[in-house]
Amino acid sequence: MRKAVLFIFFCFGMFVSNAQEYFPKNEGLKEDNNNYTAFTNATIYVTPTQVITNGTLLIQNGKVVNVGTSITIPQNAVHINLEGKHIYPSFIDPYTNFGIETPKRKPGQGRSPQYEASRDGFYWNDHIMPEQNGIDSFTYAKKDAEALRKVGFGVVNTHLMDGIARGTGVLVALNDENGDAERIIEDASGQYFSFSKSVKSKQSYPGSLMGAMALLRQMYYDADWYAKGKVATKDRSLEALITNKGITSFFEAGDKGNDLRADKIGDLFNINYVIVGGGDEYEAIESIKATNAKYIIPINFPEAYDVSNPYLADYISLEDMRTWNQAPLNPKVLSENGVTFSLTTHDLKKPSEFSEQLQKAFTYGFDKTKALEALTTVPAELLGKSDKIGSLQTGRYANFLITSGPVFDKETTLYENWVQGVKNVIHSKDQKDIRGEYAFAAGGKKYDATISGTADKLKLEVKLDSVKYASKIEYTENWITFSFTDEASKETHTATAIIQKEGTYFSGKIILPNGVETTFTATRTKDFSEEDTASEEKNDTVEIVPITYPNVGYGFSEKPKQQDLLFRNATVWTSETAGILTETDVLIKNGKITKIGKNLNAGSAKMIDATGKHLTAGIIDEHSHIAALSINEGGHNSSAEVSIADVIDPEDVAIYRDLAGGVTSIQILHGSANPIGGQSAIIKLKWGENADGLLYSESPKFIKFALGENVKQSNWQSFKRFPQTRMGVEQLYINYFNRAKEYDTKKKSGQPFRYDEEMEVLAQILNGERFISCHSYVQSEINMLMKVAEKFNFRVNTFTHILEGYKVADKMKEHGVGASTFSDWWAYKFEVNDAIPYNAAIMASQGLTVAINSDDAEMSRRLNQEAAKTVKYGGMTEEEAWKTVTINPAKLLHLDKRVGSIKEGKDADVVLWTDHPLSVYAKAEKTIIEGVVYFDLQQDAQKRMAIHLERNKLQKMMLQEKEKGGKTKPPKRKENKHFECETLN
Amino acid sequence: MKNLKQILVGVAFLFGIHAIAQQTPATKQTGTITITGATAHIGNGTILENSTLVFENGKITAIGNQTTPAKGRIIDAKGKHVYPGFIAPAKPLGLVEVDAVRASNDDDEIGDFIPNIRSLIAYNAESKVVESMRPNGVLLGQIAPQGGRISGTSSIVQFDAWNWEDAAVKVDDGIHLHWPSTFRRGRWWQGEPRGFLPNKDYTKDVDEVTAFYNNSKAYGKSRTETKNEAFNAMKGLFDGSQKLYVYANGEKEIIDAVTSAKESGVKEVVLVGGYEAYKIIPFLKKYNISVLVQHTHSLPKKADDDYDLPYKLPKLLVDGGLLVALENSSTSNFQTRNLPFYAGQLVAQGMEKETALQLITGNTAKILGIDASYGTLEIGKSATLFISEGDALDMRTNVLTHAFIDGRELSLETHQTELWKRYMEKYSR
């Protein structure tokens, strides 16, 4: 009860203090203050590039009235002389959760997944909440405002940081004095998006990054459809999205890869997201630049790892150590490449870290004018409020900083941070600068004292002859208090004095160690100079280790180039009818195999003596899960709309390891969490290229389907999702294909239709434009899917795993499907009881195209050995065995015109082996893709040495950082990401 | 009620398959058998071309060149190869039939310190998975319980038996200790960062192990106390009748594991895994530690490790002068039939073939303490061996024609070969 009373009183008080013109006032008299305030004789940064020296800033009623050198100051103006001081527009943080609490995940709640939305009257997915308005949950946070103002911020933008579509935000001035009516500059300051699900809902979909991307795309398609009035029911989410269409959209991407992902979605719908980056943009600056997007960049540069324990230090990856060394480069690299960006305190533990981190960026060469822009004009522009904030031109809010000197200099003191004409003192500007050297006398002794540091943190050094005393100093409200202690005798002096405005002398009371009170005197002998600190700064220059492609261990220091090569005198496994050719030359030019024969003329090509060695086409893995950030979207029983191509990870070291095993192409398949999985990505392992550079040009289109235990969710506690039986799997397919057919018919008829990514993809299957690679085990389900396909008049392209394929090889042959199987896996689940290693040989004997695949990062890098097992189990010939990892998977992937064999005109994707390629004794010596050597045993040895040296160097630097008193964090072991079909994420 | 019935039917179905599938164990060797003309790979690093090998009553009675007199039934193995049966250590073979079917899993009991848990009595001699080892030459195994800190006590078995009692080669041979790790995954659901972080409880975890050693030792010294089977089960470690198999991979973990075992008076310590053992070879030599090193077909554990570190790791240890054999405890049971190829991989790394072979035969027998009877083709030892068409360490040529355990000639058929033949027959109709 008492609380309630207080609350009412408080509210009442607020109304009174920020009385608006049409509000009555009863507790006191209603009177206005229309006086001006003139700040004179200052160096004024009207904008980061428009600087007025000896100028005047005139403000009234919280706004800038005029600024310049010769402006008329009205009579009713209060004058503030700022001689020697600087004025800057105060900073703007465009990305915070100021005053809007970010919801936290509720612990527990059981593990059973929830498939349907928990809301009614909104979008079908709980994580889409464009109807959320930040203002509804906004409460001005005085304490946080103070912390932000201390660092120089005057305006912050905030929103409810939860969900994939998050609704609108609030732009608020950090004005403690007046209420929301005045300080809220905009209550729909933008729309906000991310790839992260809401913590408030347990709805399973999307369960992956690619799912979040697909969901966002569908959301926009649906909004479009809704806007056309085609939806009979009410959807408040889509309505909000449509209403807010004109407002700037901000996308929290969080790292360089996601920056590009967000941009791609934006491109599709003509939306220019302002992208909130992750600080690693310098690693992919070309692609970042190419987005032409505007960015908001956090500067939470990582702390050094504590490497004092060498055992633990050994676990830290070079990649992570490099990030510590290189990340402060980010603002510099972005600005030098002409990327428009604003800075933010987002991701910092507290705003007070901001200045320190910014200094680090300066040490790394970030331009100070660009920094000022990134904190003033740029965020103002991003927020569409350049007419109100970000500069000190006439009509803008009187949001400005008064400083002792250049705002980003280490020694500069921030005196005042004015917000909407309200003064906030950070450090008293009237307090005298007492820094300097002093002759100090007390208790009959003569000391030397030096006061240095910043206004925020003064440092005192007291010396008697050459003996240094431990000392402390505080200086506030014109009073100085200090103490110094003789460490040997533990004797302490404490003293205090008032500092006079004039003079270079001060005197006050001191208490001697024996308790006697007496007087001390201090006379300045030398003024403070910035030079000492300047020289310190020079020592600060850091060694920055070079960026590699990709920027992880085993990356290339320069991207490798295409070469013309002649392999002389090799045993050539053609994987063609030509068979195995001995003592044969193969010529590679412009990335193609141009000639096969004896005694070929090398021309300008580099000759490689391959005597005693074997040359083969590069291995193709039909079933891989490396180099992807997510594999399964299990939130729905069909996820045809998701695509692995959206989530390629070109930095996965598994790519390099695969190259070392002679692999040149892989199909990255969606996992087997649902009967209809996602679209595959087919890539070449061009280590060092970005995600788009890995993807096949004009790639054949594939999708993963799956049957059996996984899609029935048999092996984990989930009993809700349809289907739970093989019987249900059939009906699910029929249902989806029926719908896809109806969709396609409607689309082709020219009638208006709701664009549905999932149906689009399924219709591609029906139209023969997309091929199915289906995860399959037992014969019944294999047969079933063929029958379903035949019913819908298409053919299944590939059965992958297909461990009971040997039981229905005749039926598969008749249907015209290929097989991609494990060499010898079984016994890991109930449905592989009858899996036998003879499977490949039996299927091949019935005329099927048979490939051996890995589904595993380990096995992928020695698929040559797995192929050899088909010789042991079932007696395939060596030539046919070799085809199971080269031309056969190429055929299954519809890439056999381009890769998979050594044939004139084909891509020069070849491997030089030290021994018979099917032998466990063989090593890949060189792995070449389109004439570029991506793996080479000798290069690999050099890379190992380089890694060793660089690790050593960075560890030393981290140790020094710790010794210098820098913050450190405990070592982290990089997780060996290892996806298989079964991986749920 | 209906559910229970379904489960019971399901279980019955499972067991049903196993019983039908298993090949019938061979009868005791009666007559003398001589294998002639084969290249004999002795298992101790040597080779004998064009050999004659004679065995009677389950034991090798003669081995030599073509002048050695042949006796009894003669198997002409000219151009072929004869090897001692391969030995798979540290596996729960016969304890797990189908990984994902919980009802078929008997490898991991509740409890952190349960050395009294014994694998032998749960070993399913009729496992289809065990049976599938034989056509690749894997004829013996150490059956180890899994999980916890001290998982239990292993026994060594041969792979052609009616039941566990008949299968036993060495009962309760060793105790398996999984050493704590210096890193552990962040409990992200409790607000910790994801990924591996230093394990703050490492010291506490180590203390628990040391305390358990000390309690076990103290327990043995008194007769008046109440029974404690767990402490009692540790007795053999301190008198040397049992070995301690300690699973550790990191450099620090290995040093801590060996130091604490030795300081606590454990006589025989075998390191299992040993991913970073190559960094501390002198230390391991000083304590005379033999290593069951992780098999070669694994991925590097750290991002910056050499791509081929797992391939060459055993070689680094052998070159350093340690007694080394291969283990594949981290893989599924069925993979164990690839043991010969794990060894073959070492040859590509520059190891001699016969040395590589020792890592799955002679050395393994020595480390497991069964070398008096198994592991090499020497007079007086068990005739546990096989004939292969070609090099048994290479996938292409590992094709067995005959295999013997204690002189008994076993069937090389399996559930899998039967299905192969059955369906090839279908297609030939």
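Colleague: How many residues of chain B are in contact with chain A, and which element of chain B gives the largest share?

Modeller: This is a predicted model, in which local features need pLDDT of at least 70 and side-chain atom pairs count only at pLDDT 80 or more, while totals for chains, interfaces and linings use all residues. Residues are numbered from 1 along each chain as its sequence is written, and chains are lettered from A and ligands numbered from 1 in the order in which they are written. Counting two residues as in contact if their C-beta atoms, placed from the backbone, lie within 7 Å, 44 residues of chain B touch 52 residues of chain A. Strand E11 (196–198), helix H7 (251–263), helix H10 (339–348) and helix H13 (415–428) of chain B each give two or more residues to that side, helices (H or I, at least four residues) and strands (E, at least two) being DSSP runs numbered from the N terminus, and the largest share, 6 residues, comes from H13(B).

Colleague: Which radius of gyration does chain B have, and why does it agree with a compact globule?

Modeller: The radius is taken over C-alpha atoms, and the globule rule is 2.2 Å times the number of residues to the power 0.38. Because a compact globule of 429 residues would have a radius of gyration near 22 Å, the value for chain B agrees with it, at 23 Å.

Colleague: What percentage of the residues of chain B count as buried?

Modeller: A residue is buried if 20 or more other C-beta atoms lie within 10 Å of its own, exposed if 12 or fewer, and partly exposed in between, with C-beta atoms placed from the backbone. For the 429 residues of chain B, the buried part is 51%.

Colleague: Which elements do the buried residues of H18(A) pack against?

Modeller: In helix H18 (residues 757–766) of chain A, the buried residues are Glu758(A), Met759(A), Val761(A), Leu762(A), Ala763(A) and Ile765(A). They pack against elements of chain A, namely strand E34 (676–679), strand E36 (702–706), helix H17 (726–748) and strand E37 (771–776).

Colleague: Which helix gives the most to the side of domain 3 of chain A that touches domain 6 of chain A?

Modeller: Domain bounds come from an automatic or database domain assignment, which gives domain 3 as 91–103 + 116–301 + 327–389 and domain 6 as 619–899 of chain A. Their centres, taken over C-alpha atoms, are separated by 38 Å, and the contact takes 18 residues from domain 3 and 20 residues from domain 6 of chain A. On the domain 3 side, the element that gives the most, with 9 residues, is helix H4 (residues 209–227) of chain A.
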